[in-house]
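Open the model in your viewer and keep the selection tool ready.

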Amino acid sequence: MNTKRNIARVMMAAGSLVYLLGIWRTCPLFSGKGYFLGVLVMGMFAVLAHQRASQWQEQDDGFIALCRLVLLLSVGLLLVGAWYVPADWHEKAVYIAAWFVCLYGASARRAESAGRDRPLCRATL
């Protein structure tokens, strides 16, 4: 069980490292670097929020649909940004694959810890 969690962490770290270092080297402007960092954070937030809602077994279909919409928007922003990055296509493909590996590692890590423990403080009204 611990091995699966470590593999997911390594996937998330390696994916984000390849993605961020590659984009940092490729993008000449600081605003472009911030754009791609924002796309990564937005995608990871959508995946982790969706996993957390699944973990708590909340059946809020609106929230789950919103998470999926945010994830689709971040994929679209990634593809549009990759289209205009001044790099070769094989280099762009590596960055896109690294982004997906990072998100897969984040979702696998959350799924592994889904059955462990519940939060200590949960608001009940």
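The largest cavity holds about 50 Å³ of space. A cavity here is a set of points on a 1 Å grid over the protein atoms alone, where a 1.4 Å probe fits but cannot get out; points are joined across faces, edges and corners, and the volume is the space filled by probe spheres set on them. The structure has one cavity of 30 Å³ or more. This is a predicted model, in which local features need pLDDT of at least 70 and side-chain atom pairs count only at pLDDT 80 or more, while totals for chains, interfaces and linings use all residues. Residues are numbered from 1 along each chain as its sequence is written, and side-chain values use heavy atoms, with hydrogens and water left out.

Next, select Y19, I23, F36, L78, A82, V85, K92, Y95 and I96, which line the largest cavity (an atom within 4 Å of a point). Two or more of the lining residues come from each of α1 (2–26), α3 (61–84) and α4 (89–112), with helices taken as DSSP runs of H or I of at least four residues, numbered from the N terminus. α4 gives the most, three residues.

Now select Y19, I23, F36, L40, M44, L78 and W99, which touch the most other members of the 19-residue largest nonpolar core. Such a core is a set of buried (under 20% relative accessible area, 1.4 Å probe, protein chains only) Ala, Val, Leu, Ile, Met, Phe, Trp, Tyr and Cys residues joined through side-chain atoms within 4.5 Å. α1, α2 (30–55), α3 and α4 each supply at least two core residues, and α4 gives the most, seven.

Definitions and conventions. On a 1 Å grid over the protein atoms alone, a cavity is a set of points where a 1.4 Å probe fits but cannot get out, and a pocket is an open set with protein on both sides within 12 Å along at least five of seven lines; lining residues have an atom within 4 Å of a point. Buried means under 20% relative accessible area, exposed over 50%, partly exposed in between (1.4 Å probe, protein chains only).
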